[in-house]
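Hi,

Here is the structure I said I'd pass along. Have a look at it first, and my notes on the salt bridges follow below.

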Amino acid sequence: MVLEKTVYPDPLLRNVSTPVDVIDEEIRILAENMLDTMYDEGGVGLAAPQIGINKRVIVIDTSRDRNQPECYVNPEITLRSGKSLADEGCLSVPGITAEVERAEHVEVIAQNLDGEELEISADGLAARAFQHEIDHLDGILFIDKLDTAERFRVRDQIANLEEVYKSAEGV
Ligand code: NI
């Protein structure tokens with residue numbers, strides 16, 4: 001099921017999400033819905049807070065054919081190395097792309113939907129996706145990580161999202 005997205009500056013995106021204790025049917029359905037929502041929007045990743053759920057679950061698919069869904073519960077980065085600068089966007093920050101520096105390589109521990117412990121090595125786009133999605137679980141957005149020039153370049157677009165949110169909330 002495609003779910004409604006949480007959009008910046010919704011305060012829910014700023015919460016630190018809770019670890020998942022038990023990987024049960026509810027978590028598997030959550031992951032399934034997150035994949036549906038990610039594919040519907042054409043994203044390479046999605047974190048649970050982006051559909052309004054503050055739990056530590058992410059989904060990723062960096063394959064060209066969009067047919068290699070990956071679901072991770074309680075993911076944690078254990079090692080970062082190298083540097084990479086590339087454009088990034090986010091389904092919760094619609095219409096904005098900007099250059100973000102990330103580690104080129106990461107190692108991640110997580111559980112899969114069967115509760116098995118995984119150790120993953122990722123480079124390039126996959127490493128970037130892990131860093132971006134795990135940041136969501138800690139309330140961090142890619143627009144927090146821009147250098148001064150990039151922040152300046154997209155400032156009007158960010159202000160516009162804030163205006164849209166305010167008027168929708170009737171604040
Ligand atoms: Ni995002």
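K55 and E26 form a salt bridge through their side chains, at 3.0 Å from N to O. K55 lies in the loop between β1 (45–47) and β2 (57–60) while E26 is in helix α1, so this pair ties together parts that are 29 residues apart in sequence. K55 itself is partly exposed, with 27% relative accessibility. Keep in mind that this is a predicted model.

Helix α1 comes up again with another pair. The side chains of K5 and E41 meet in a salt bridge, 3.2 Å from N to O. K5 belongs to the segment before α1 (25–41) and E41 to helix α1 itself, so to speak two distant parts of the chain, 36 residues apart. Both ends are partly exposed: K5 has a relative accessible area of 25%, and E41 has 35%.

K83 sits in the loop between β3 (70–81) and β4 (84–88) and E101 in strand β5 (residues 98–102), so the pair ties together parts that are 18 residues apart in sequence. Here K83 is exposed, at 66% relative accessible area, whereas E101 is partly exposed, at 46%.

How many salt bridges does the structure hold? The count is 12. There is also a network of salt bridges, and its members are E88, R102, R128, D135 and K145.

Cheers

Conventions
Residues numbered from 1 in each chain as written. Predicted model: local features only at pLDDT ≥ 70, side-chain atom pairs only at ≥ 80, totals over all residues. Heavy atoms only, no water. Salt bridge = Lys/Arg side-chain N within 4 Å of Asp/Glu carboxyl O. Helix = DSSP H or I, 4+ residues; strand = E, 2+ residues; numbered from the N terminus. Buried < 20%, exposed > 50% of the residue type's maximum accessible area, 1.4 Å probe, protein only.
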